[in-house]
Amino acid sequence: MKIKVKVPATTANLGAGFDTFGLALSLYNEFIVEESNSIEIETYPKNEFLEKPENNLFVHVLKKACEEKGKTFHGVKLKQINNIPVARGLGSSATAIVGAILVSAFVNKQELTDDEFFKIAYQFEPHPDNLLPAWKGGFTIALMDNKKTYYQKLDFPEDIKAIVAIPDFQLSTEEARKVLPKEIPFSDGIFNVQRASLFVSAIMEKRYDLIKIAMEDKFHQPYRKKLIPGFDDVIKAALQNGALGASLSGAGPTIVAFATENFDKIGQAMVLAFEKNNIKAEYKILETDKEGAKVEIL
Ligand code: HSE
C-alpha cells in the first residue's frame with residue numbers, strides 16, 4: 001500500500017497569542033510512504049541531510065508512533081516533498097510530526113484520540129500552536145495544562161489572506177526562545193491578554209479595524225527582533241501598504257501580514273524593507289487552510 005499525507009504550513013502566535021494561537025496556511029509538505037524492510041528516503045528538492053534516516057524527523061516520529069502501538073518498526077520507503085522552507089517559522093517540523101502520526105494511525109487502523117496524538121507529538125515538539133493547525137486546519141487556540149491539551153478551532157475569515165515575507169536565513173525555535181526573559185512585567189501581561197482576547201473577537205466578528213492593535217505584542221517580539229534585521233521596518237511597510245495587521249510568524253524569521261487586498265503591494269514592500277536591511281527575502285500570498293492534514297491511498 002502506498003499512502004500520501006499532505007500537511008499544511010502554519011503560522012503561530014499571530015502577535016499577542018504567544019504559544020497559543022496558530023493558523024494553517026495553503027502551503028504543503030507531502031510525504032508518500034510505502035512499507036519496506038529498510039529505510040529509503042528520497043527528498044524533493046534534494047536534501048542530502050534529510051535523506052539520512054538519523055536526521056529525518058518523519059522517520060523518527062513514525063518509528064515512535066508504531067512503537068507506542070506495540071508494533072515493531074521495520075522500515076519505510078519515504079518520498080518527502082518539501083515546499084515549506086525549513087527553520088523559518090512556518091511549521092515545517094510540525095508537518096513531519098503530524099504526517100508521521102497520521103500515517104501510523106492509518107496503517108495501524110487506529111482511531112487517533114487527542115491524547116494519543118499529543119502524547120507522541122510532544123516528545124518531538126511541545127508546541128500545540130503549530131501542531132494543532134497542521135493537524136486540524138483553521139485558526140486554533142490551545143493550551144497545555146498538566147500534560148492535557150485544551151483547544152478550540154475557529155474559522156478564519158475567507159477574505160483574509162496571509163502574506164508571508166520569508167528571509168533567506170534560518171532561525172531555530174530553540175535559538176529564538178533563548179532570548180526570551182524568564183519573567184515579564186505585570187503590565188506586559190495585561191497588554192497581551194487584552195490584545196489576544198480582542199484578536200479572537202475581531203476574527204469572529206470580522207472587525208478588521210481592530211486587528212492591527214490586537215496583533216501588538218510585548219511577550220516575545222521585542223526580545224526576538226534583534227535576531228531579525230529589519231523587523232520593525234518590515235512590519236511598518238506591511239501596515240503602510242494596507243495590511244490589517246502583521247507579526248513575527250512563530251519564532252521567526254518570517255514575518256506574516258494579513259490583508260483583504262493589495263497583496264502583492266504589501267509583499268513587495270515587505271521584501272524591499274528586508275532588502276534595505278541587507279536581507280534577501282521572498283514573499284508568498286497564502287490562503288488559510290480549513291481542513292488540515294489529509295491522508296489518502298495512492
Ligand atoms: N510559539 C512558539 C514560539 C513557536 O514562538 O517560540 C511555535 O511552535
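Is T254 buried or exposed in this predicted model? T254 is buried, with a relative accessible area of 0%; buried here means under 20% relative accessible area, exposed over 50%, and partly exposed in between, with a 1.4 Å probe and protein chains only. Residues are numbered from 1 along each chain as its sequence is written, and side-chain values use heavy atoms, with hydrogens and water left out. Because the model is predicted, local features need pLDDT of at least 70 and side-chain atom pairs count only at pLDDT 80 or more, whereas totals for chains, interfaces and linings use all residues.

T254 is placed in the loop between strand 8 (245-248) and strand 9 (255-259). Helices (H or I, at least four residues) and strands (E, at least two) are DSSP runs, numbered from the N terminus. The side chain of T254 reaches the backbone oxygen of R88 at 2.8 Å. When residues up to four places away in sequence are not counted, T254 touches R88, L90, V164, A165, I166, P167, L248 and S249, contact meaning heavy atoms within 4.5 Å.

A polar side-chain atom of D19 lies 2.6 Å from a nitrogen atom of the ligand. An oxygen atom of the ligand is 3.2 Å from an N or O atom in the side chain of H127, and an oxygen atom of the ligand is 2.6 Å from an N or O atom in the side chain of R177. Taken alone, the ligand exposes 260 Å², of which the protein buries 99%; accessible areas come from the Shrake-Rupley method with a 1.4 Å probe.

D114 is in helix 3 (residues 114-121) and counts as partly exposed at 28% relative accessibility. The side chains of D114 and Y151 are joined by a polar contact of 2.9 Å, that is, a pair of N or O atoms within 3.5 Å, where within protein one must be able to donate a hydrogen and the other to accept it, and residues adjacent in sequence count only if both atoms are side-chain atoms. Leaving aside neighbours within four places in sequence, D114 is in contact with W135, K136 and Y151. D114 and T149 are 35 residues apart in sequence and 8.0 Å apart in space, C-alpha to C-alpha.

G70, in the loop between helix 1 (57-68) and strand 4 (76-81), is exposed, with a relative accessible area of 66%.
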